[in-house]
Amino acid sequence: PWVRWIAGGPFFGGGTRKTVEESLDDIKKLNVTVEGENVMLRVKDCSDKLYKVSYTGNPHIYFDRQESSGNLVMRLEGIPFISKNEVDLLLNENVEVSFDVSMDVSSIRMDLEKLKISSLFLEGDVTDLKIRLPRYDSTIVIGSDVSNIELEIPSDVGVRAIVSDSVGWKE
């Protein structure tokens, strides 16, 4: 197994857009952990790399690999009222992904339709979430306070939704 520090340091806002990526090799499963605040995160699919991360600012990004699985960990943090980190995360559509996201005061756009998402645990306070659900058999859990949550469901996908809320409005 090996660990690689990819990027990271204090975030001072703005800056040029940078990209890091990892080749697919023999990876069959990828565990992704994203934490942060005051961030615009967009997630989509790709077919030529294990992942690609394009970003402004200076997020902390780590990747480690063990046999046929990998772990991608990102800590994203913008400066409130000054600037947001903008991060585009592209994940390989042929690799099974377990996703754990914890973001506050952020905007998250996830197009998961073509991805093999085995699980998605998403937690966010004061967050704007827009998620296109995957066609892959997935477990998705969303915990959120004071947030706007919009789910797009592909026409041939069945969904069982359980909503529990002490205060709020549901449609």
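**Exercise 1.** Which residue forms a salt bridge with Glu86, and how far apart are the closest N and O atoms?

Solution. The model is predicted.
Step 1: The partner of Glu86 is Arg42, with the closest N and O atoms 3.2 Å apart.
Step 2: Glu86 sits in strand β8 (residues 85-92) and Arg42 in strand β4 (residues 39-46), 44 residues apart, so distant parts of the chain are linked.
Step 3: Glu86 is partly exposed because its relative accessibility is 34%. Arg42, at 23%, is also partly exposed.

**Exercise 2.** Decide whether Asp88, another salt-bridge partner of Arg42, is buried or exposed.

Solution. 
Step 1: In the Asp88–Arg42 salt bridge, the closest N and O atoms are 2.6 Å apart.
Step 2: Asp88 lies in strand β8 and Arg42 in strand β4, so this pair ties together parts 46 residues apart in sequence.
Step 3: Buried means under 20% relative accessible area. Asp88 has 15%, so Asp88 counts as buried.

**Exercise 3.** Find which residues are linked in a network of salt bridges.

Solution. 
Step 1: The structure holds 12 salt bridges. One of them joins the side chains of Asp48 and Lys52, at 3.3 Å from N to O.
Step 2: The network links Glu113, Lys130, Arg132, Arg135, Glu152 and Asp156.

**Exercise 4.** Name the residues that make the nonpolar surface patch of about 320 Å².

Solution. 
Step 1: The patch is made by Ile149, Leu151, Ile153 and Val159.
Step 2: Locate Ile153: it lies in the segment after β14 (148-152).
Step 3: Ile153 has 43% relative accessibility, so Ile153 counts as partly exposed.

Key. Residues numbered from 1 in each chain as written. Predicted model: local features only at pLDDT ≥ 70, side-chain atom pairs only at ≥ 80, totals over all residues. Heavy atoms only, no water. Patch = residues over 30% accessible without salt bridge, like charges linked within 9 Å, V, L, I, M, F, W, Y side chains within 5 Å. Areas by Shrake-Rupley, 256 points an atom, 1.4 Å probe, with all protein chains shown as cover. Salt bridge = Lys/Arg side-chain N within 4 Å of Asp/Glu carboxyl O. Helix = DSSP H or I, 4+ residues; strand = E, 2+ residues; numbered from the N terminus. Buried < 20%, exposed > 50% of the residue type's maximum accessible area, 1.4 Å probe, protein only.
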